[in-house]
Amino acid sequence: MELNWGNVLHFNTEKDYYEVLGFLSKEEEFIRVYTENNDKAGAWAGQGRMSLRNVSIDSLPEALKNAFETSVDGRISVTHYVKNLKENHNFSREIDPTGSDFTKRLYKESLEKVLETVPEEYENDFYRGYHWNCEVIERIRNASKHEINWDEETVQEEIVGTTEGKRTVYYTTKYERSSKNREAAIRIHGTKCMICGFDFGQKYGELGKGYIEVHHIKPLATLEQEVVINPETDLICVCANCHRMLHRFKNYIVTVEELKYIVDDNK
């Protein structure tokens, strides 16, 4: 498997290679793949290119992100890679937008045809790229440290010898939660994390049996008045780690779909 394709496009692993292949196979044309017949323009030879289409560089898979960061005009020259897409991955459907036979856009013949070229062990990586959510990735990558929800349970003190335990009085708003709703959610959804699949009982035996945390899909703090909660649609059961990540930011609750995507992306 070739991982280095010229001066700008490089893949660290085969997983990255097939992730990008999946991304380029998406129905949304975030990256346009095309060829230019430079012979017709009096130049030396044909050239393969890729260009950005209404998408931020920060939202791309890592290999494409690094490649397009070298560009000044939103396009990169990757002739051998484009040829590889055409000859080895069934990007064989050509569209000539001008009728000049100079520039031809390349598209996959079909998703099934591209999948025929993907080894079974890399199918998950391919689908990770195919289902890549640009909006989610850009939001996560661009989050600043000022947006992180640092609270007393997550801030790590670096100063040695600082005393702790001083009693402090403070006022806060407490949102009432129904234990019946929690019990109903667990009865409906079970005790396996609905995002990553972690099972406390399986990991910790009797100690963890039956334990799970319950997350409100719509945070209680955003509600202006009391509401009736449907445990089946308004609550999900999640492990402590996923629960923390859902509340990672101060002013934005990571959605269940976003976190599922991130977990799948980092398997």
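This is a predicted model: local features need pLDDT of at least 70, side-chain atom pairs count only at pLDDT 80 or more; totals for chains, interfaces and linings use all residues.

**Asn230 and its surroundings**

- Asn230 lies in the loop that connects strand E8 (213–216) with strand E9 (235–238).
- The side chain of Asn230 comes to 2.9 Å from the backbone nitrogen of Glu232.
- Although Asn230 and Ala185 are 45 residues apart along the chain, their C-alpha atoms are separated by 8.6 Å.

**Nonpolar cores**

- The largest nonpolar core contains 37 residues, and those touching the most other members are Leu9, Phe11, Leu24, Met50, Leu64 and Tyr81.
- At least two residues of this core come from each of the following elements: helix H1 (14–24), strand E3 (31–36), helix H2 (62–68), helix H3 (79–88), helix H4 (111–115), helix H5 (123–130) and helix H6 (134–142).
- H1 provides the largest share of this core, with 6 residues.
- Apart from this core lies another one, of 19 residues, which includes Ala185, Ile229, Val238 and Leu246.
- Leaving aside residues up to four places away in sequence, Phe11 is in contact with Leu3, Trp5, Asp16, Tyr17, Val20, Ala63 and Tyr81.

**Asparagines with positive phi**

- Most residues other than glycine have a negative phi.
- Asn54, which is not a glycine, has a positive phi of about 55 degrees.
- Asn54 sits in the loop between strand E4 (47–52) and H2.
- The relative accessibility of Asn54 is 78%, so this residue counts as exposed, the cut-off being over 50%.
- Asn90 is likewise not a glycine and has a positive phi of about 60 degrees.
- Asn90 belongs to the loop between H3 and strand E6 (93–95).
- Asn90 counts as partly exposed because its relative accessibility is 22%, whereas buried would require a value under 20%.

**Strand pairing**

- E3 pairs with strand E7 (residues 103–107) in the antiparallel sense, over 4 bridges.
- Opposite Tyr34 stands Arg105 of E7.
- E6 and E7 also run antiparallel and are joined by 3 bridges.
- The bridge partner of Glu94 is Leu106, in E7.

**Cysteines**

- How many disulfides does a search of the whole structure find? The search returns 0 disulfides.
- Cys239 is in no disulfide, and the nearest cysteine sulfur, belonging to Cys242, is 3.7 Å away; a disulfide would require the two sulfur atoms to be within 2.5 Å.
- Cys239 also counts as buried, because its relative accessibility is 4%.

Methods
Residues are numbered from 1 along each chain as its sequence is written. Side-chain values use heavy atoms; hydrogens and water are left out. A polar contact is a pair of N or O atoms within 3.5 Å; within protein, one must be able to donate a hydrogen and the other to accept it, and residues adjacent in sequence count only if both atoms are side-chain atoms. A nonpolar core is a set of buried Ala, Val, Leu, Ile, Met, Phe, Trp, Tyr and Cys residues joined through side-chain atoms within 4.5 Å. Buried means under 20% relative accessible area, exposed over 50%, partly exposed in between (1.4 Å probe, protein chains only). Contact means heavy atoms within 4.5 Å. Two strands pair if DSSP finds at least two bridges between them.
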